[in-house]
Amino acid sequence: MPQSLPSVIISGTGAYLPRRVVTNDDMAKIVDTSDEWIRTRSGIAQRRYAGPDESTSFMATAAAEQALQTAGAQACEIDLLIVATMTPDMPFPSTACLVQSRLGLGAITAFDIQAACSGYIYALNTASNLLRSGAYKKALIIGAEKMSSILDFEDRSTCVLFGDGASAAVLEISEAQGTGILSSITGSDGSNPELLYQPAGGCIQPASAESVLARQHFIKMNGKEIFKQAVRVMGQVSTDILDRHGYSSDQVDLLIPHQANMRIIDSLAKRMGLPMERFHNNLDRFGNTSAASIGIALDEARRAGRMGPGDLILLVAFGAGLTWGATLIKWQ
Ligand code: ACO
């Protein structure tokens, strides 16, 4: 990366988790599963489900308000808003527009990014580069998902894995050189979309009585293949971004991976040669919150004081698309 580009820092973070806690035992009352199966295969013990009054834009707004507060920023200073979600309030208008209104922001640039579980990294990458270009001064990025709205509660292989929530970050230019978001890598491969998808609701299969009856509006997933790809791609993109900046994996102070499956995270730790103490995980409490997951963990880690000045932080994600991404941060 050219050194002359200005630094972009994460000046504030926030998160929102719905009130309703759903344990594995609760899931076992809905589908043929058990606490033991879910814990050993995924690492998840419980997740949160949003209620009717907790839409994606509602959760996004609550997380954003916290991020603005911790950044010491006023809503009126934000001139760029990006929401990463695969569970928008509705197909259009964008959830970002709804959040713009809820937060009372001005007539700013607001749009959604759809990169599934990699959405937070895609949003960080897009916003930080738009800030560096000089086009905007202060950005708000949000990852927000109401995954429970697209779960098939007759499919035990998917419904136990996901949860709802939102996370947000305020990004701004900093005078300090060599600090903040060093860079991001994002990638995609759309050659096999059926590995993880929601078949109906788009123009190929618009909503109809038949599509609803056939349960086509819910997540379908080839879990085994996704698992294999996740292990490979998360390891590769982590190595690539460290190489780009001349770091080795043992220099990473904190690694925050997308929270999909503890066995995927264990494999990543082995591949990187890093002990689990260098990771921040919350999969056990929140399950896979898709685009919200990395931001929720980042917010928790910041509040727990896990990041100090000069620490090297690596965020890494993988999701439907397929999509993937990593962001390397030198904490300010
Ligand atoms: N409870 C009990 N048994 C179950 C459950 C359940 N909830 N789900 C599946 N099983 C059964 C299966 O039916 C199968 O039984 P069978 O052998 O009699 O057919 C058995 O358990 C084994 O199933 P597998 O699919 O082989 O289980 P596996 O060890 O692969 O674990 C899992 C499944 C947890 C889904 C795993 O493959 C995984 O985590 N994959 C990655 C998923 C992921 O990360 N998705 C998110 C990507 S990010 C995004 O963009 C949304």
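Ser174 is found in strand β7, where a strand is a DSSP run of E with at least two residues and a helix is a run of H or I with at least four, numbered from the N terminus. The model is a predicted one, in which local features need pLDDT of at least 70 and side-chain atom pairs count only at pLDDT 80 or more, while totals for chains, interfaces and linings use all residues. Residues are numbered from 1 along each chain as its sequence is written, and side-chain values use heavy atoms, with hydrogens and water left out.

Is Ser174 buried or exposed? Ser174 counts as buried because its relative accessibility is 15%; buried means under 20% relative accessible area, exposed over 50%, and partly exposed in between, with a 1.4 Å probe and protein chains only. Leaving aside residues up to four places away in sequence, Ser174 touches Ser7, Ile9 and Thr179 (contact means heavy atoms within 4.5 Å). A polar atom of the Ser174 side chain also lies 3.1 Å from the backbone nitrogen of Ala176.

## The sheet

Strand β7 belongs to an open sheet of five strands with mixed pairing, in the order β1-β7-β6-β4-β5. At the edges stand β1 (7–16) and β5 (109–113), each with a single partner strand, so one side of each has no neighbour in the sheet. On average, neighbouring strands are turned by 20° against each other, direction ignored.

Strands β6 (residues 138–146) and β7 (residues 164–174) run antiparallel and are joined by nine bridges; two strands pair if DSSP finds at least two bridges between them. Ala144 has Ala166 in β7 as its bridge partner.

## Helix α5

Helix α5 (residues 119–132) lies across β1, β4 (80–84), β5, β6 and β7, and runs at about 20° to β7. Such axes are lines fitted to C-alpha atoms, for helices over the stretch in contact, and angles run from 0 to 180 degrees between N-to-C directions.

How many residues of α5 are buried? The helix is mostly covered, with 11 of its 14 residues buried, among them Tyr120, Tyr122, Leu131 and Arg132. Just after α5, Gly134 takes a positive phi of about 90°.

## Two domains

The domain assignment divides the protein chain into domain 1 (7–178) and domain 2 (181–286 + 306–330); these bounds come from an automatic or database assignment. Taken over C-alpha atoms, the centres of domain 1 and domain 2 are 15 Å apart. The contact takes 36 residues from domain 1 and 35 residues from domain 2.

Notes:
A polar contact is a pair of N or O atoms within 3.5 Å; within protein, one must be able to donate a hydrogen and the other to accept it, and residues adjacent in sequence count only if both atoms are side-chain atoms.
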